[in-house]
Amino acid sequence: QVQLVESGGGLVQAGGSLRLSCAASGTMFSINWMGWYRQPPGKQRELVARVSSIDSTYYSDSVKGRFTISRDNAKNTAYLQMNSLKPEDTAVYYCNVVTRREYWGQGTQVTVSS
């Protein structure tokens, strides 16, 4: 079983920055993808960014150039550096890890005030 612990959410003003962390622990096979999804109020969950085991990255168009995803394979930890935050980035952010199965974190709230 894999456990995901997220941290780093909070309240920030527009233009500010936050850094999310997601640490995976437990018995697991090699992690293929680590990523972040978000779910704004009243909307569906959407992929924000993800990084592969060989550091191949994907970003949604809405965050390109502002967010950076990275991972520390030795620590099984992924990071999402979020800069130039906008009110529309407000959402619950969920860590996602894919091994032979898919795992989700509990979610962390990010609120960007205008």
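Mentor: Let's start with a rule: two strands pair if DSSP finds at least two bridges between them. The strands themselves are DSSP runs of E, at least two residues long, while helices are runs of H or I with at least four residues, and both are numbered from the N terminus. This is a predicted model, in which local features need pLDDT of at least 70, side-chain atom pairs count only at pLDDT 80 or more, and totals for chains, interfaces and linings use all residues. Residues are numbered from 1 along each chain as its sequence is written, and side-chain values use heavy atoms, with hydrogens and water left out.

Trainee: Got it. How many helices and strands does the protein chain have?

Mentor: There are zero helices and 11 strands. Reading from the N terminus, the elements go β-β-β-β-β-β-β-β-β-β-β.

Trainee: What do strands of a sheet pair through, in general?

Mentor: Backbone hydrogen bonds, and the pairing can be parallel or antiparallel.

Trainee: Back to our model, then. How many bridges join β3 to β8?

Mentor: Six bridges connect β3 (residues 18-26) with β8 (residues 77-82), and the two run antiparallel.

Trainee: Why is β8 called largely enclosed?

Mentor: Because five of its six residues are buried, β8 is largely enclosed by the rest of the structure. Buried means under 20% relative accessible area, exposed means over 50%, and partly exposed is in between, with a 1.4 Å probe and protein chains only.

Trainee: You mentioned cysteine 22. Which cysteine is it joined to by a disulfide?

Mentor: Cysteine 22 is joined to cysteine 95, with 1.9 Å from S to S. The structure holds one disulfide, where a disulfide is a pair of cysteine sulfur atoms within 2.5 Å. The link ties together distant parts of the chain: cysteine 22 sits in strand β3 and cysteine 95 in strand β9 (residues 91-98), 73 residues apart.

Trainee: Is that pair buried or exposed? And is the link left-handed or right-handed?

Mentor: Cysteine 22 and cysteine 95 are both buried. Their link is left-handed, with -80° about the S-S bond.

Trainee: New topic: loops. Where is threonine 99?

Mentor: Threonine 99 lies in the loop between β9 and β10 (102-104). Its relative accessibility is 8%, so threonine 99 counts as buried. Setting aside neighbours within four places in sequence, threonine 99 is in contact (heavy atoms within 4.5 Å) with Met28, Phe29, Ser30, Ile31 and Asn32.

Trainee: Where is alanine 14, and what is its relative accessibility?

Mentor: Alanine 14 is in the loop between β2 (10-13) and β3. At 42% relative accessibility, alanine 14 counts as partly exposed. Among its contacts beyond four places in sequence are Leu85, Pro87 and Val112.

Trainee: What about serine 52, which strand holds it?

Mentor: Serine 52 belongs to strand β5 (residues 46-52). With 7% relative accessibility, serine 52 counts as buried. Neighbours within four places aside, serine 52 is in contact with Asn32, Trp33 and Arg71.

Trainee: Last one: what is the radius of gyration of the protein chain?

Mentor: The protein chain has 13 Å, which agrees with the value near 13 Å for a compact globule of 114 residues. The radius is taken over C-alpha atoms, and the globule rule is 2.2 Å times the number of residues to the power 0.38. Along the principal axes, the C-alpha atoms fill a box of roughly 40 × 25 × 20 Å. Of the 114 residues, 43% count as buried.
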